[in-house]
Each structure stands twice: as C-alpha cells, then as structure tokens.
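Dear colleague,

Please find the structure below, handed over for your own work. My notes on what was found in it follow directly after.

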Amino acid sequence: MSGKILAALGLAANESGTYLGRGEWAATTDAGTLSPTNPATGDVIATVRASSAADYETIVQRAQEAFAVWRTTPAPRRGEAVRLCGEALRKHKDALGSLVALEMGKIKPEGDGEVQEMIDIADFAVGQSRMLYGNTMHSERPGHRMYEQWHPIGLVGIVSAFNFPVAVWAWNAFLAAICGDICIWKPSPKTPLSAIATMKICNEALKEAGFPDIFFLFNDAGTDLAQAFVDDKRIPLISFTGSTKVGRIVGERVAKRMGRSLLELGGNNAIILDKSADLKLAIPAIVFGAVGTAGQRCTSTRRVLVHSSIHDTVVDTLVKAYGQLEQKIGDPTLSTTLMGPLNSPEAVQAYLAAIEQAKAAGGTVRTGGKALTDRKGNFVLPTIVTGLKNSDKVVQTETFAPILYVMPFDTLDEAIAEQNAVPQGLSSAIFTQDLKAAEQYLSASGSDCGIANVNIGTSGAEIGGAFGGEKETGGGRESGSDAWKVYMRRQTNTINYSDALPLAQGIKFEF
Ligand code: UN1
C-alpha cells in the first residue's frame, strides 16, 4: 500500500530532504536521517536524508538571489506562478491526500480535504495578487500627496506541524509568493515525505513554465538547523505552527533579533450549548470536532459547556455516537474509516496520562479512556470525561488527542466566562437558536477567541477568513481576509509637488 502511494508521487524509499533550488535535491548523506513512520502500523515508510549546515547556507544564499528577481516581478505575474501550483495540486490531489493519510494518520477524506485547502488558498492568492492595496491619505500640507504601499518583506521561514503537513505551508507560501517573497520550509520531522512530495509537485510546475525558484525545503534531523533558522537575521519573518511550548521559544528568539513572527499555537476550544441548542446540529459538530483527525487539530473541540437542563441528554447522546464510532477506527487510508491513529506512540502516552490526571481530579470516563492494544499502531478510543471543573489543570491543558470534557453551566454569562478562562484563544462556538445569546456571544464581551462560530463547530475553518487566535495561541493570523499583509512591509510615502516646504504640525523653522 505504502509503496503504491509513494510511487504515485514519484517518491523513492530513500529521499533527499533538501531542495536547493535550480532543480537540485541535495546529495547530502552525513546530516542524519528521518524515518517517517506509518502511525497505523509503526512501520517506517521511507528514509529521508536530512540537511547539513552547508545545505542550509546554499538555500539561504540562493533564496536571497531569487528574491532580488522575484520582488520586482509584477504581482499578477507572481499570481500566475501560484495558479500553476494550484493546477498541479488539483492533478495530484488523490495521491497527495493519500500520502498525508499514510504519513500523518488522518483519514483519506481529511487528507484530500487538506490538499483541497491548498488548492483553495492558491485560487485565493491568485485573486489577491491583483489586490495588494494600500491606502491613500489626505496630507495636511498643501501640494502634498500621501499614500502607502506594500513591498515584499524578503525571505519567509515556514515551520509547520505534523497535523496539517501540507495545507499550513500553502496558506503561508502561496500568499508569501504573490507578495513577492521567497519561502524556506522546515516541515515537521514526522511528516517530511508529504513536504517533499508537495515541493516536487509545485516546483516542477514552476520550472516547466520557466518561473524561478521561490520555494525551498530543508529537513533537520536534530534541532540545530531549526534554531539557526529561527535566529537567522536574513529571514525577516518566521511563521511557526506548533505547540505553545515551542512557539514561546520561537517568538522570544525572533523578537530578540527584531524579526517578525507569526505564531499559530495551541487551542483549547469550547462549544457552548445553551438550552435552545438544536441537537441535530450540535451533536455531529461536537463529534467531528472532538474525534475528527483523532483530536489532533489545533481547532479540535476539547470542552463542551452544556446548559444543565440538557446536560445528561447531551452526554448520553454523545456516548451513544462514540459507541458507533468505535467500529470505524482503523486504517486511515481506507474509505470506511472515520478515525485513524494518533501520530506517535508519545501521543498515546500523553493521551493516557491526561486520562489518569482527569480521573485523579475526580473526573468520570463516560466512554473510551483506553489505548487499543489489540493491534499495531497508535490507536486509542475517543473519550468523554464528565465531572471535572473548567479550572482543573487537565482541562486547562491542550492534550493533542480525542479527549472531550463535558461540563454543565446555568447562565450564559457563566458559560462565556468559563469558555474564556483558559490560557489559549483559538476557536470557539455556540449552539443556540436565541438571537440575543448568539449576539452576546459574538460581542466584545463574548468569546475572546480568534474564531467564534454560531451553530457550527470549532474545527474545519474555511480558507477565506483570517485564521489564528489570541493569548497563548500566539496572536498570528494567516490564510484569508487581509492576512497577506504580514508577508509584506508597509511604506508610507509623502510627495511634495509644491514650490514650498511647509512642515507638518505647522512648525516654523526659518533661518
Ligand atoms: C491546525 O490544526 O493547525 O480549521 C489547522 C481547521 C483547519 C485548519 C487547522 N482548516 O480545522
């Protein structure tokens, strides 16, 4: 199976993890290797040769050379490059979606969905390439014109996580590309093959059409190169997706060198069900949010706050739904599967530790709570825990696994306050048919998250909106809306077309 998936993308059992530009993949053999593993079996899928410090230097130098050309290429022409990448991804959607399922462990429709997100952001970026608008202002001085323009920022470093091994790169890279930047990608060491395949698809399409190299790739077998990358002054923007723990270090290091960082870190996303909630909508939204991707999205639903009048009904209905799902846990590449494995054995340990912690805090495991030891791979049961308080440490913590804490509330004010009383601030949702409740939830005193939804769940955002969150989620925004601005530098220009030199604020300086 895995051989077929690799072959469909032209990948070998031993691949270089370094794209040096000019069509060259590094021949380096002395910088260690990565062993991406099928999380459903524990088998190594292929060997990836990591990048050396010399490879990294070559990449940065070539990226700088490429930037000198790309920054003056008209933005709509840059859009054409991204359009071709989107077209190539359309052709390879099935194969790349399968590879994502194989290497990350998410189910095939979600793997395909991730490639669809890449295609969607490519289309979005093509349109955006004609809309890099700046404002014009009225000068306070006669005979003066003021406006602002957006210029490319330079080299953009993209550090992506295992859970969205390709889409998050595309959100960043396709926008950065139309903005005139050159991207250097360091993917998660758990999913280098998805990254290599993506680079081959996009870079071949670019090369065929005569475009220069705009996308580079390196893989790090340890953390030395990744640290050098984060500290590298030649890279004005680092876009990092991953844990709050590592993101905090990245943010501090980039700030120390006065660079710009875009951080997409952990979430601890809640769904509120008030007493008017339509359970026909709410239950599937909760199940998809908590169990989809085996709870390994930063937008996964981790907490449900339910009005006490419907708490028991909601828990019973969820437990029944989870029971049906247990039959559909398995090989993520099969079309019948709804939940695949966790990505790594360490994730299974973290899942088990959280369940022990939940029990020790007085929680009751209503369903699940176990790893599936009757088979190979990192399989666990989706889990519902009741009886905990929102303030309990385990509830405050993002565990990247399908564990859902369900808690009752009495008033909407209380529910909103509890929803917000966690360190993270990514995604949130309310199910209600009460207009006042919905509006209160979306008001300035409502949800404090970057994403707040009504009658849809916390995960599965569309690319058209700005994606990201507040507090320990890091504050970054990527993907749609005006997220493109982070990949550019803003310049304010004032032009004097008069014969005098009046000073602003009416200051007189005569000599
Ligand atoms: C992530 O988990 O890092 O909104 C990104 C969603 C997806 C993206 C998640 N579109 O769930």
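Predicted model: local features only at pLDDT ≥ 70, side-chain atom pairs only at ≥ 80, totals over all residues.

C85 is buried, because 28 other C-beta atoms lie within 10 Å of its own; a residue counts as buried with 20 or more such atoms, as exposed with 12 or fewer, and as partly exposed in between, the C-beta atoms being placed from the backbone. C85 lies in helix 3. Helices here are DSSP runs of H or I with at least four residues, strands are runs of E with at least two, and both are numbered from the N terminus.

Residues are numbered from 1 along each chain as its sequence is written.

Helix packing

Two packed helices are described by the angle between their axes and the distance between the axes. Helix 3 (residues 75-91) packs with helix 5 at an angle of about 155°, the axes being 8 Å apart. For these values, axes are lines fitted to C-alpha atoms, for helices over the stretch in contact, and angles run from 0 to 180 degrees between N-to-C directions. Helix 3 and helix 5 are therefore roughly antiparallel to each other; the term applies to angles over 145 degrees, whereas those under 35 count as roughly parallel, 65 to 115 as roughly perpendicular and the rest as oblique. The crossing of helix 3 and helix 5 is left-handed, meaning that the near helix is turned anticlockwise from the far one by less than a right angle, clockwise being right-handed.

Helix 5 (residues 108-128) also meets helix 6 (residues 167-178), where the axes come within 9 Å and cross at roughly 15°. Helix 5 and helix 6 are therefore roughly parallel to each other, and their crossing is right-handed. Within helix 5 is A125, which counts as buried because it has 28 C-beta neighbours inside 10 Å. A125 and S300 are 175 residues apart along the chain, and 26 Å separates their C-alpha atoms.

Annotations and ligand shell

An unreviewed UniProt entry lists residues 27-492 as "domain: Aldehyde dehydrogenase"; UniProt positions are in the numbering used here, feature names are shortened, and annotations may be inferred rather than shown by experiment. This span is 39% helix and 19% strand, and its end C-alpha atoms lie 45 Å apart. The UniProt annotation "active site", again from an unreviewed entry, covers E264. E264 is found in strand 12 (residues 260-264) and is buried, with 30 other C-beta atoms within 10 Å.

The residues around the ligand are N163, F164, V168, T241, R297, C298, T299, S459, G460 and A461, each with its backbone-placed C-beta atom within 6 Å of the molecule. By class, this shell has 4 nonpolar, 5 polar and 1 charged residues; Ala, Val, Leu, Ile, Met, Phe, Trp, Tyr, Cys and Pro count as nonpolar, Asp, Glu, Lys and Arg as charged, and the others, Gly among them, as polar.

Backbone points to inspect

T293 is not a glycine, yet has a positive phi of about 55°. T293 lies in the loop between helix 10 (279-291) and strand 14 (301-307), and is buried, with 29 C-beta neighbours inside 10 Å. S479, also a residue other than glycine, has a positive phi near 75°. S479 is in strand 23 (residues 478-479) and is buried, with 26 other C-beta atoms within 10 Å.

With kind regards
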